[in-house]
Every structure is written in C-alpha cells, then in structure tokens.
Amino acid sequence: MRSWLKRGADAVGVGLFVALFLTFIIQITARFGFNRPLPWTDELAVILYVWVIMWAAAFMVPAKEHVVFDLVYNAVDKGTRRGMLLLGSVLIGALAAYALPGSWDYVRFMAREGTPVLGLPFMWVFIPFVFLLLALVVRSAVHVVALLRHRSRELD
Amino acid sequence: MTLPLWVLLAVLVAGMLLRAPIGFSMLAAGIAYLAVKGQDMGLAAEQVLNGLYNSYVLLAVPLFILAANVMNAGTISERIFDFCRILVGRLRGGLAQVDILVSVVFSGMSGSAIADAAGPGLVTIRQMLKKPEYSPGFAGAVVVASATIGPIIPPSIPMVIYALVSGASVGALFLGGVVPGLLMAVVLMIAVQIIATKRNMPRDAPVPLADYPQILWRGALPLSLPIVLLTGIYTGVFTPTEAAAVAALHALLLAGVVYRAFSWRTLYGVLLESTRSSAVITMIIAGAFMLNYAFTSEEVPQSLALWVDSKDLTQLQFLLLVNAVFLVLGCFLDVSVMLLVFVPMLLPAAKVLEIDLVHFGVVVVVNMMIGLVTPPFGMLLFVTNALTGIPIRDMIREGWLFLAMLVALMLMMVLFPQIVLWLPQTMGYGVQ
C-alpha cells in the first residue's frame, strides 16, 4: 500500500515536471516557429512550477536527499543522534502545524482572485503549499514515532 | 536586535544543528518569527507562494537540472571526453588536463558544479584510476577543482539565483563569467602541469590518426549546444529560462533519438531525479523568502549598509572583507544559503559603495564555488567521495595547489574588475 502510494506520488510529480517542460517547448515553438507568441504559456509554466516544487517537497523527496548541516550529527554517538533527530522532527512538525490554519485561510481567501490570463483562482495555484505543511506535520509525527520505537531508517 | 529576530535565529540554528533539512529549518524559523511577532500566519504562505510565483527566472533551475541529468545519463559526457583527449591528452598528466578541458566544455551546457563532478568528472576519474601515475587523491582533487568552473562559465544556476536577489541582468552576469571561467581553467591547467612535471608523469600514447574523424564527429553534436545556447541568449533570441528548456530538449534529442542511449525506464529515472533535485534546491529558496521577509522588516540589510557607510570602507576594502568572510562561511554553509541569505543582506551596502552588481555577483559566485571544495562542508568533496569512494582527506591533501590557485585568481578578480566586466561591457552592458 505504502509503496503503491509512493509510486503514484512520484508519477504525479514527474507528470507535472514533464508538463512544465512541454509548456516551454510550446512557448518557444510558437514564438520562433510560427512567430506567434502565446499569452498563456508563461503563466501556466509558473503555476506548474509552484505545483512541481511543493508536490515533490511534500511527497517525493526522501529525507536523506535534503541538504543538511551534518558536522555535529556525524561527530556524536548514536544515542545523541536519535535525540537530535527527535528534537529536529518535533521542531519542524510543530511549527508547520502552527502555520497550517493561517496558511489555509490565506489560500482559501485567494479563491476570489484569478490569474491574469487563464483566470484560474489563485487558491488552486497555491494549494500545494498546504499539502506541503500537512506532509511536514504527518511525516514529522511518523518519524517521531519511529524514533521512539527505535525503528527509524534514517538513523542507520 | 529584537526578540522576534532572536527567536528566528535560535530556531534556524537549532534546526540546522539538529540536522533538520535546511530549507525546512528556514521555513520553520520564519514561522516562529511571525508567531512571536503576533503576525498573521497567512503571511508565511503569502511570502513563499508569491515569492515563487513572481520569480519567473527561477524556472531556469529545474530545466538546467534536467539538461545536465540527461547529458550525464546519455553518454554525452563520454563523447566530450574523447574529443578533449585529442586536444590535450598528450601533455604530461594528460588525463588531468583532459578533465579540466571537459569541464570547460560541459560548463557551456550545464549550470551546476555538482552535475559536472557527477557526470564528466566521474568519467575521467575512472580513466585516471586505471593508470598507476594518478593517485586516487590527485584524480579526485583535479575533478573537484575543475567542477567549480561549471557555474562560472554560462549557463549558471547560482548566477540565475543571484540575479533574482540582486536584480542584476542574467545576460550580463553570464557574460561576466566567461573570462573568469576560462582563466580558472588556465590556472588549474598550470597547476596540473607543475605537479605532473615534478612527479615526472609519463605521456600517454597518442590517439591513432585514423580514429580522429569518428571521435570528432561523435563530439561535434554535443559541442554545438553551447554555441546555440550562448548565441541565443546574447542575441536576445531567447531568454535564459527558455535557453534552459532548449538545452534540455537538445540533450534529450541527442541522447534519445540520435544516440539511442536511452530507454523509457532511464528517461523516467532521469525525470524523477530532476524533479526531486529541483524541489530540494527550491525549498531552500522558499525558506529564504521567509527569512528575507523577516530580515527586511527588521531592516537588517539597511543597518549593515549604514554600518559599512560609517566605517568609510573603500570598494576594495569592502570586497576583500566580504570575500574573506565568505571563504570562511563557505567552509560550513551550503551555496544556496549564502546566496539567498547573506548576499541579500550585503547588497544595500554594495549599492551604497557603488560596486558594480555584475562584478560583485561573479566574484561572489566564484567565492562560493571555492566553498564547494573547502572542508569540512564541501559539497563537491561529498559528491565525489560518494561516487568514487576516494577519501576526502586524500583529495584535500592533493588539492591544496588547486585551491591556492583558485583563491589567487579570485583575488585578481577583486583587484581588477575588468577581468569580469570587460566582456559584458564590450557587448554593451552598462555603457552610458
């Protein structure tokens, strides 16, 4: 079930990325091939960009691929590492949870405004940020539980 | 310093020391700042989302990442390697010289030092390790040092990000990197020559003349890319962002259609990897939007500018000071953090002193590339170590001459801004 979800999330992210790339190709072809610049490609590209980044950060990037500062972590023993990961997860998870309601309000509020060309409500442009905060909360919680049960994969 | 600012710094430093992802630590620090200040949490969403939505130039980043990954997966690196071997392979320490030249060529197609080390760098390391005269440490050191050229010769991801924070022209920055990038190659080649002569490294057997046409032909198509890209950007036919898309398309067509080096599965893997890497870099940028919002509301950059103004620093003193500080910071921090957090703080001061922002940008990016090879936190050392198993200690021991050469060159760039500015000005940048 979990690996199935993971593969689904990956496929969605890759699909968005490909769409972003194709949007650019269409833009360039229209401008240079047919000398007819399209008004909507720039906007669609930026919307897809926000989605790709937030989606991938929320559901695709494994913990070990993120840029981290690990000089201290590498210098201490395993017990201390466990404590560090625990505190770090609580810090990120708690603050993400704290920001969640206000961010959701903002994103919902933006439903009344549409993008200039496509007229897409900004709520649908911005909503993946809410996904990201949610994912941070859930992933931190899961990681905290795993660490408490001595079952974190990151620690090994 | 106000209380909210202290809280922000505390959360940021705590998150980083605890080994939480840097991008998320920055985001969390910004949230904590808003919380203590009693501001609406919607501001967090607003800063991050509007920051990304309004930074059109950032779209170049995922596309350049895609281009580099495609080139690395599609045997394009090998073709460039063979091509450069004809040119400099006969020198003493020939493979090391080839590596530097390959880096120059690859730099003209990719904008990332990491991609350079992981792609063509790995190809040359494998060749060097087959020969007894190249110690693993030396092979690693050469590759790591030459990979720093990647983001100096355009295109360049760090310069795109610098353009975003400074408002300087991407085109002028790209042009400004050409001469410094070529000079980096020259000083590194001199260093290799010195070491190779001292160690009396043997010369390679020449490549048989009969093989020339095939190697040249195989190399010609990839080599057409930098020419297309640079001409396109400088004639204004396409924007740097569009150039990134063209680079990715060119690489895809070469690898997939012309060379048939790609299966659908490989392509999916490359796309997946590119999506993830783009997210990793951009999360740090998103976190930086939060931090910069806080720093700007606390008027940190302005205070720094006032302080610099009160010290009556000359342009030169300021640049030397900044570079010294950045060299030290570069030993401990990631490039993106320095570019996105520290550089915006310094920009008002640089403007007060009327320092040319293109000159400043190119020097700062060179400085950060040196930061990629300085221990304890040197991303290029980590990547090369992870890919080849060469101990970081050995690379450092063999690499000090390269490092010294690069720092000396950077100093020259500070002292003689024309090294950077000559080409952009010749092409019409900033001419009144």
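This is a predicted model: local features need pLDDT of at least 70, side-chain atom pairs count only at pLDDT 80 or more; totals for chains, interfaces and linings use all residues.
View 1. Across the interface of chain B and chain A, one salt bridge is found. Six residue pairs in polar contact, with both residues at pLDDT 80 or more, are also found across this interface.

**View 2. The side of chain B that touches chain A draws on several helices.** Six residue pairs are in polar contact across the interface of the two chains. At least two residues each are supplied to this side of chain B by helix 1 (3–17), helix 2 (22–37), helix 3 (42–53), helix 4 (60–73), helix 12 (240–258) and helix 13 (264–297) of chain B. Helix 13 of chain B provides the largest share, 13 residues. Sorted by class, the side of chain B that touches chain A holds 43 nonpolar, nine polar and six charged residues. The contact as a whole takes 58 residues from chain B and 63 residues from chain A. About 5,600 Å² of area is buried between the two chains, and carbon and sulfur atoms give 80% of this area.

**View 3. The largest cavity is lined by residues of both chain A and chain B.** One cavity of 30 Å³ or more is counted, and the volume of the largest cavity is about 30 Å³. From chain A, the lining includes Ile92(A), Ala96(A), Leu133(A) and Leu136(A); from chain B, the lining includes Phe24(B), Leu27(B), Ala28(B) and Ile31(B). Two or more lining residues each come from helix 4 (78–109) and helix 5 (122–148) of chain A and from helix 2 of chain B. With four residues, helix 2 of chain B has the largest share of this lining. The lining comprises eight nonpolar residues, with no polar and no charged residues.

**View 4. The second largest pocket has a lining of 17 residues.** The space in this pocket amounts to about 290 Å³. Nearest the centre of the pocket lie Leu9(B), Leu12(B), Val13(B), Met16(B) and Phe342(B). Helix 1, helix 13 and helix 16 (335–352) of chain B each give two or more residues to the lining. The greatest contribution, six residues, is that of helix 1 of chain B. By class, the lining has 17 nonpolar residues, no polar residues and no charged residues.

**View 5. A salt bridge within chain B joins Arg218(B) and Asp82(B).** The side chains of this pair meet at 3.8 Å, N to O. The pair links distant parts of the chain, with the two residues 136 residues apart. Arg218(B) belongs to helix 11 (residues 212–234) of chain B, whereas Asp82(B) belongs to helix 5 (residues 76–88) of chain B. Over all chains, nine salt bridges are found in the whole structure.

**View 6. Two loops of chain B contain Pro155(B) and Arg19(B).** Pro154(B) and Pro155(B) are joined by a cis peptide bond, with omega about -5°. Pro155(B) is located in the loop between helix 8 (136–147) and helix 9 (157–166) of chain B. Arg19(B) is located in the loop between helix 1 and helix 2 of chain B. Phi of Arg19(B) is near 70°, a positive value in a residue other than glycine.

Note on methods. Residues are numbered from 1 along each chain as its sequence is written. Chains are lettered from A and ligands numbered from 1 in the order in which they are written. Side-chain values use heavy atoms; hydrogens and water are left out. Contact means heavy atoms within 4.5 Å. Buried area is the accessible area (1.4 Å probe) that two parts lose on being put together, summed over both. A salt bridge is a side-chain nitrogen of Lys or Arg within 4 Å of a carboxyl oxygen of Asp or Glu. A polar contact is a pair of N or O atoms within 3.5 Å; within protein, one must be able to donate a hydrogen and the other to accept it, and residues adjacent in sequence count only if both atoms are side-chain atoms. Ala, Val, Leu, Ile, Met, Phe, Trp, Tyr, Cys and Pro count as nonpolar, Asp, Glu, Lys and Arg as charged, and the others, Gly among them, as polar. On a 1 Å grid over the protein atoms alone, a cavity is a set of points where a 1.4 Å probe fits but cannot get out, and a pocket is an open set with protein on both sides within 12 Å along at least five of seven lines; lining residues have an atom within 4 Å of a point. Grid points are joined across faces, edges and corners, and a volume is the space filled by probe spheres set on the points.
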